[in-house]
Amino acid sequence: MRKLALLADRFNTLWMEDGKVHMLNRRKYPFVIEYVTCSNLEEVAECIENMTIQGAPPLAYAAGLALSMLAHEHEMDSEQKFFEAFEAGIDRLMHTRPTGWDLGYVMNGCREVAKSSYDFGRDVAEEIRKYVYVQIEDGNRIARDTGRYAADLIRDGARIQTICFAGAALAYMLYFAAEDGKDIELFASETRPYLQGARLTAQSCVEMGIPVTVITDNMPGYLMESGKTNVFVSTADKITMDGYIANKIGTYQIAMAAFDNDIPYYLLGYNGPVKGSYGPSSLKIEERSPEEVLHCLGQRTSVDGVNGYYPAFDITSPRYISAVATDRGIFPARLIGKYHEKPYLDPFKNPRVI
């Protein structure tokens with residue numbers, strides 16, 4: 001039986017124990033398997049900012065668990081002081097990574113749980129922890145189902161180009177495609193400056209026995225034009241109702257190269273678009289420290305006096321996206337808003353129409 005990648009299950013990499021948050025250090029993985037322990041909200045916020053934890057859903061779950069710690073710290077406060085501290089904590093966490101929408105969703109859910117739990121005299125910290133664990137479980141299910149649908153889009157003989165680490169859904173897509181007997185291979189762009197493609201994506205492939213080749217970030221167009229890759233797959237940190245996406249910087253140019261070479265671009269859309277969001281103006285692009293592009297794996301790569309610039313995401317139009325795989329099936333990019341109208345059907349128990 002084929003082994004699924006470690007990063008496919010979020011409980012392998014993030015959990016709460018003895019009142020503290022434990023997370024896999026993704027800046028060092030897979031060279032070093034190290035877990036970081038956070039004792040308070042600020043430590044979690046710093047781990048999100050410094051990329052110890054990465055990926056829109058995982059960092060959102062970590063932020064939710066940080067609020068559980070905060071609620072425990074302030075459990076003896078008056079109601080007013082408790083919720084003042086709680087809202088300040090949400091505000092701090094919301095400013096850690098502004099592009100992804102999962103963070104806001106989980107923060108709003110934690111707020112609702114805190115208010116209802118406080119009103120009914122329940123343990124607020126414990127109720128928030130349970131809420132976040134439900135979100136992680138549901139996130140694992142969404143990733144699995146998205147991967148199952150996406151695997152049906154991948155044809156035998158696929159040479160798949162990726163960027164960054166498309167998360168658990170990518171691992172499931174590759175896993176199911178291989179289990180279906182398809183001959184597949186993956187080409188992972190290194191994804192500077194944190195090398196998520198070279199480390200996280202590549203390691204996941206190695207664990208599952210999927211052939212993988214790492215390329216530099218400026219090679220995708222050549223590989224497509226020369227026929228070495230024939231499909232592009234990525235995820236998105238945020239999807240609008242009309243199919244625009246924000247994803248790791250570099251996605252846009254690979255999408256254009258795929259379009260120019262008649263290569264399909266399949267998006268791993270997980271649980272669909274953000275309600276009420278339309279057009280590129282609704283996608284906020286996070287700009288990280290310029291110093292980050294002047295370093296790689298802790299080593300400075302340019303001399304002092306050089307300027308850097310690091311918009312961490314870019315925006316891709318739905319015109320470049322061939323289809324969006326979600327946990328509710330496959331959608332045309334421009335009609336992804338229909339996701340919220342379609343009921344959930346378990347793809348493992350119902351026919352999958354592609």
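How many bridges pair β1 and strand β2 (residues 20-24), and in which sense, parallel or antiparallel? Here are my notes, starting with the answer.

1. β1 and β2 pair in the antiparallel sense over four bridges. Strands pair here if DSSP finds at least two bridges between them; helices (H or I, at least four residues) and strands (E, at least two) are DSSP runs, numbered from the N terminus. Within this pairing, Lys 20 in β2 is the bridge partner of Glu 17.

2. A word on the source: this is a predicted model, in which local features need pLDDT of at least 70 and side-chain atom pairs count only at pLDDT 80 or more, while totals for chains, interfaces and linings use all residues. Residues are numbered from 1 along each chain as its sequence is written, and side-chain values use heavy atoms, with hydrogens and water left out.

3. The pair belongs to an open sheet of three strands, ordered β1-β2-β3 with antiparallel pairing. Its edge strands are β1 (14-17) and β3 (35-38), each pairing on one side only. Helix α1 (residues 41-49) lies across β2 and β3 at about 140° to β3, and helix α2 (residues 56-73) lies across β1, β2 and β3 at about 15° to β1. Axes are lines fitted to C-alpha atoms, for helices over the stretch in contact (heavy atoms within 4.5 Å), and angles run from 0 to 180 degrees between N-to-C directions.

4. Do look at the other sheet too: seven strands form an open sheet in the order β6-β5-β4-β7-β10-β14-β15, with mixed pairing. The edges are β6 (212-215) and β15 (329-331). Inside the sheet, β10 (residues 265-270) and β14 (residues 323-326) run parallel and are joined by four bridges; Tyr 270 stands opposite Thr 326 in β14. Helix α9 (residues 251-260) packs on this sheet, touching β4, β7 and β10, and its direction makes about 155° with that of β7.

5. Next, a helix pair: α6 and helix α7 (residues 196-208) pack at an angle of about 30°, with axes 11 Å apart. That makes α6 roughly parallel to α7 (angles under 35 degrees count as such). Leu 170, Ala 171, Leu 174 and Tyr 175 in α6 meet Thr 201, Cys 205 and Met 208 in α7.

6. Finally, Asp 304 lies in the loop between β12 (299-300) and β13 (313-316). Asp 304 is exposed, with a relative accessible area of 67%; exposed means over 50% (1.4 Å probe, protein chains only). Its C-alpha atom is separated by 9.3 Å from that of Leu 294, 10 residues apart along the chain.

Terms used. Angles under 35 degrees count as roughly parallel, over 145 as roughly antiparallel, 65 to 115 as roughly perpendicular and the rest as oblique. Buried means under 20% relative accessible area, exposed over 50%, partly exposed in between (1.4 Å probe, protein chains only).
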